[in-house]
Amino acid sequence: MALPRDLKELNKRHIKSILRQRGAMTKAEIAETTDLSVVTVNKLIRALEENSEIIEQDSSVATGGRRAISYKINPNFQQVLVVSLQEKWKKITYSFSVYNLLGEVEFVEDMSGEDLDIHALKRNIKDHVCAFPKISCIVIGVPGIEIGGRLRAMDFPLLLNVHLRETLESEVNLPVLVETDTNAAILGYKNRPVAENNIVGLYYPERFPPGAGLFINGEILKGKNGLAGEIKHMPLGIDWDNFDFSVDKIKEHIRKMVLLTMSFYDPETIVIYTNFYFGQKDFMEELTQGLAEIYPYASLPEMVLSRKFTSDYRIGLFAFGVDYLENNLTDWRI
């Protein structure tokens with residue numbers, strides 16, 4: 001059972017979440033949306049406003065009557081630091097992005113990651129936390145898996161087997177989340193105005209094996225160890241250490257993965273993230289036709305070819321971070 005103080009904090013976070021998603025609202029609108037009493041909403045709004053978590057917005061219309069006051073989230077009450085590690089145009093890179101609570105970018109810096117190790121990462125993160133004191137959460141996207149607190153199967157060899165979360169949390173005294181790159185990208189895709197609740201993302205970098213992100217029944221599917229989406233281990237007889245990353249070989253693998261994806265998950269949408277150029281012929285149409293031959297009786301998924309992996313990746317990491325802030329009561333700065 002929630003204690004009164006915890007219940008108050010949960011209600012405050014609920015109000016902030018609604019304001020972040022919907023924009024400015026009056027007290028009456030907040031009470032109606034949250035099912036809280038007007039008296040309770042008045043007290044919570046007063047506390048949130050005194051703490052600068054929300055700010056007043058005058059939405060009055062010149063009618064001669066009493067002005068209507070609405071409230072909106074203070075976008076810079078907290079910030080989220082997003083660190084995304086990825087291959088980009090055949091180069092290993094990592095970037096730092098600072099977002100306000102409305103998902104607006106305050107700062108972006110891209111850096112070469114060829115020599116990235118935990119010491120360089122700690123140093124850069126400390127610098128950004130000092131430069132942006134409103135940072136309240138750090139979210140790191142990795143082309144690998146965190147199991148038992150260690151980074152496993154990493155494309156960044158100098159970070160392999162590192163206790164990333166534990167090391168950074170002790171360094172900066174802030175919560176640190178670690179998420180797989182393709183999981184974050186498909187969550188970022190879902191954060192667009194799309195209605196589908198079953199989306200599979202297939203990501204094909206230019207130097208490394210592919211990965212998948214699974215948004216199934218409205219949630220990211222990770223599995224027991226976070227291994228869901230590790231499609232490089234599919235028993236297709238491929239030696240990824242000596243793989244020919246040519247367009248023809250990539251297209252061949254995509255065809256197989258689309259069929260397997262349909263068989264396993266029957267999604268509404270399949271997003272293929274890649275910078276490979278597939279020529280003039282519509283490869284997505286070819287994939288759809290291939291599915292139609294096997295499933296002539298089924299409603300087929302929408303096939304999407306996307307070059308927006310980087311932006312979806314960062315947006316998804318931000319979404320993980322702001323969700324943490326909205327649902328966690330711990331104040332790390334005490």
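A salt bridge here is a side-chain nitrogen of Lys or Arg within 4 Å of a carboxyl oxygen of Asp or Glu. Keep in mind that this is a predicted model, where local features need pLDDT of at least 70 and side-chain atom pairs count only at pLDDT 80 or more, while totals for chains, interfaces and linings use all residues. Residues are numbered from 1 along each chain as its sequence is written, and side-chain values use heavy atoms, with hydrogens and water left out.

**View 1. Glutamate 286 pairs with arginine 255.** The two side chains meet in a salt bridge at 2.8 Å, N to O. That ties together distant parts of the chain, with glutamate 286 in helix α8 (residues 283–294) and arginine 255 in helix α7, 31 residues apart. Helices are DSSP runs of H or I, at least four residues long, and strands are runs of E, at least two; both are numbered from the N terminus. Arginine 255 is partly exposed, at 33% relative accessible area. For that scale, buried means under 20%, exposed over 50%, and partly exposed in between (1.4 Å probe, protein chains only).

**View 2. Glutamate 53 reaches lysine 16.** Here the closest N and O atoms of the salt bridge sit 2.6 Å apart. Glutamate 53 belongs to the loop between α3 (38–50) and β2 (54–58), whereas lysine 16 is in helix α1 (residues 4–22), 37 residues away. Glutamate 53 counts as buried at 7% relative accessibility, and lysine 16 is buried too, at 12%.

**View 3. Arginine 20 meets glutamate 326.** Their salt bridge spans 2.6 Å, N to O. Arginine 20 is partly exposed, with 22% relative accessible area, but glutamate 326 is buried, with 15%.

**View 4. Three charged residues join up in a network.** Lys122, Lys126 and Glu171 are linked by salt bridges. By the rule used here, the count comes to ten salt bridges.

**View 5. A nonpolar patch lies on the surface.** Leu221, Phe264 and Tyr265 make up this patch and together have about 290 Å² of accessible area. Areas come from the Shrake-Rupley method with a 1.4 Å probe, and for residues only the protein chains shown count as cover. Patches take residues with over 30% relative accessible area and no salt bridge, joining like charges within 9 Å and nonpolar side chains (Val, Leu, Ile, Met, Phe, Trp, Tyr) within 5 Å. Tyrosine 265 is in helix α7 (residues 247–265) and is partly exposed, at 31%.
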